[in-house]
Amino acid sequence: MKYLICVSLIFILIDANAQFPMGGNNSGPTIKGKIEGKVIDSVTNEIIGFATISLKKKGSSIVIDGVLTEETGNFKFENVTNGSYDLYCSFLGYNEKKVAAVETTLKKPDLNIGNIGLVPANYVLDAVEIKEDRTLVENKADKLVFNAENDASIVGGDATDVLRKVPMLSVDLNGNVSLRGSQNVRILINGKPSGMFSSNVADALKMFPADQIKKVEVITSPSAKYDAEGSAGLINIITKKQNIEGIAGSVNASVGNRQNSLFTNLNVGKGRLGLSSGAAVFYSTPADGISTFMREDQTADGIRVIEQDGTQKTSRLGGNGSVSAFYDFNGYNSINSSFNFRGFGFDLEGTTEGKLIDPGLGLNDQFTRLNKGENFFGGFDWNTDYTKKFEKREGQELSFGVQYSKQTNNQDNYVNETHQLEFLDRDTDVFNKGINHETTLQVDYVHPFNKSVKLEAGSKAVIRNIISDYTTQILTFPNGYVPLVETFKYDQDVYSGYASMNFLVAKKYSIIAGARYEKTNIAGAFNVLDSLNFNGVGYENLLPNLAISRTFKNFKTLKLAYSQRLQRPSLQFINPFNNNTDFLNRTEGNPYLDPEVVHQVEMAYNFTISGFTTFSSVFYRYTDAIIEQILSIDNNGLSVNSFKNIGTKNSIGFNTFISKTVNLVTLRTGGNFATYDATGIINGQNASRKSYEYNLFLNGEIKISGTFKADFFGFFRSPVRTIQGDNPAFTIYGMGVRKEFKNSSIGITMIEPFNADKYFNSNIETETFVQKTSFSIPFRSIGINYRYKFGNVDFKERKSKVKNTDLKQGGDTQGGTTTGTGTQGG
């Protein structure tokens, strides 16, 4: 902490010298004046109180002053030196507006610019996106936006560090993301899917340096234009890569005791043609972890006991890159194409001591296991969009999109075990190579009948082909291991169409109503175990949605929404690879899973009073054919972790977010609470559980000056519930400071400075067995980040029209499956 304070004092001295330079001043005469005005709603002409007004020098990105409007909508900047300025106005539920080239002179130092009209974010026609600084959290009619680029405490981290700061989201130690207590979310990158999320979402997120992320959008009630997948909602990660007019680039480097990264980009654009490129690499230093495992179950001959204790060292290395281009044929026809590639690997090496006591089989074994793993996940996405706009009707648009993705997932684990019972000795490789091919064709049409009514319609086809080659062993007593070399092929084709109507009624009611039809065909084939093959399996779904919002005086908004959505299992869930690196506690997928079907009703209310901004919501969610990871005991008495459709789940929840700015300090707090009420059949027996989950957060920022600020955050998440037990709770806190210069910035971050290591406990308990696990990892981290940018351009963001959002990703990791975990804090 004392080092952080010292660095902060140095920055303050630098900042003071920048604002009050020593030496003479040869500039001409100056005079102090004022700039004032009033902020109103451009549709209703109502005044907007407590809106944020930022003052910047013309053409500069540095905020030199900021105020909130009074309850009357009026604002005033005093002691303004004569010159030319840009004003930026923003408020919850409205699009930000820039008032350019506001000038005060020696002759007229006082200026009243009159009314500034803000356009509501739920206005039917698409709004223009502004690239300048926004408030950290924005709540719009259809989504919540977290502007990550404005947060100094995440530099040097990865995407999981960003998502932990987003209201309504929570991220556990392993990187699994939940939205209001459910991990059934779909993650997009720049509005489109990525093959990187086809297997392990947590590892994919660790491939993303936080400094690449511009903002995160959370959509809890997606309209029909989105794929039916992502039953809890959608998370759209917007990166800082944009198409531009001019030449610009940046270099961003972070060095720390836990994570190190380098991110660069270069953008070139002139006229109707533009090119953009970027690349990133990151490295996590080796970290040592300690784990324990215990399982006891009652047999007819006594209590069977399994115990393990081990240490494991892990390290991570990865990178990604992108190249994109656009060309505008004219003002109404354009084409956009991009190619994104990535590679991510982590190595692990460990030693485990264990014992197995089975009175039924007469076994009393002790063993030592040496394991070494090399894992690689990589692939690419290529997409191209053609967009046609119509001359006679503003907002009318027809677009065609195509995307091809390939993802490779290789797991190579070497295992050497020495047992007292020699028939259990093994010296072998456990290997899996998975390849996921995905082709998407999509057409979308937007037709605004007028400024208050808009139709959106389209159709889509997604063709998926998954191949999993694996080498493993099947253990039988007393014969030992039998090798198995297998290839599994899985095909999933999804065809869909949608229509959605948007209405703005009496300037106060916003209505979105639509429906989406999806038809899914699946087939699976084994090369050796061909008796398990299946074909001609499929299902059809008609999925409606409705959202109604009402604005009131003093900028209060009430929203009611209903949606029905699907959650198809992804590669991580269906891959039948028998990973028995830990032979006592193996994992395998289930290719026979059905999709989850989810019904959700949500009511949200937003308001601002006396400078407090808050938005809260309550929801009810019913899930049929819920998918959970289930622990069972095989005929040899060993643990098997797999995924199953266990039954139904009801969940009632509440979430809230509160923000308050006092002078230069902004505080934000809130949390989520949701019940867990599941009923189903587990291992042939009726099972049920009622519990709850919650998380709490507190974060804020201190603007010491226009170019120097500090951020801090804290987060707590309760244990994650399953029908069989609890996965670990998670806490984290950290802080950071950043100093901005003309074309560069430097910052420092600290995560958990008072905790060198953290411990995480899990437990699974049924009527017949108890399993407990615990592991610890190094967590304290400190890092320094430096950014440099060059060029002066006009940004024009472009997004792909392809948005695949239809696969269940990630998933709960039961406490027993700790082998191969290489997670570290910060």
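Is F339 buried, exposed or partly exposed? F339 is partly exposed, because its relative accessible area is 34%; by definition, buried means under 20% relative accessible area, exposed over 50%, and partly exposed in between (1.4 Å probe, protein chains only). The views below come from a predicted model, in which local features need pLDDT of at least 70, side-chain atom pairs count only at pLDDT 80 or more, and totals for chains, interfaces and linings use all residues. Residues are numbered from 1 along each chain as its sequence is written, and side-chain values use heavy atoms, with hydrogens and water left out.

**View 1. The ring pair of F339 and F341.** Rings of Phe, Tyr and Trp (its six-membered ring) pair if their centres lie within 6.5 Å; planes under 30 degrees apart count as stacked, over 60 as edge-to-face and the rest as tilted. The whole structure holds 24 aromatic pairs. In one of them the centres of F339 and F341 are 6.1 Å apart and the planes stand at 35 degrees, so the pair is tilted. F341, at 40% relative accessibility, counts as partly exposed.

**View 2. The ring pair of F367 and F583.** The ring centres of F367 and F583 are 5.6 Å apart and their planes are at 70 degrees, so this pair is edge-to-face. F367 lies in strand 20 (residues 363-389) and F583 in the loop between helix 4 (571-574) and strand 28 (585-587), so the pair ties together parts that are 216 residues apart in sequence. Helices (H or I, at least four residues) and strands (E, at least two) are DSSP runs, numbered from the N terminus. Both F367 and F583 are buried.

View 3. Two strands pair if DSSP finds at least two bridges between them. Strand 24 (residues 480-505) and strand 25 (residues 509-526) run antiparallel and are joined by 18 bridges. M501 stands opposite A513 in strand 25. The two strands form a hairpin with three residues between them, and A506 in the turn has a positive phi of about 55 degrees. Strand 25 is also joined to strand 26 (residues 534-552), by 15 bridges, and these two run antiparallel. Here T520 stands opposite Y539 in strand 26.

View 4. A salt bridge is a side-chain nitrogen of Lys or Arg within 4 Å of a carboxyl oxygen of Asp or Glu, and the count comes to 19. In the one between R426 and E417, the closest N and O atoms are 3.2 Å apart. R426 is buried, with a relative accessible area of 6%, and E417 is buried at 2%. R516 and E518 form another salt bridge (2.8 Å, N to O), and both are buried. Salt bridges that share partners also join R295, D297, R304 and D358 into one network.

**View 5. Surroundings of L163.** A nonpolar core is a set of buried Ala, Val, Leu, Ile, Met, Phe, Trp, Tyr and Cys residues joined through side-chain atoms within 4.5 Å. The largest has 35 residues, of which L163, V216 and I235 touch the most other members. Not counting residues up to four places away in sequence, L163 touches L169, V171, V177, L205, V216 and I235 (contact means heavy atoms within 4.5 Å). Apart from this core lies another, of 18 residues, among them I35, L87, F91 and L118.
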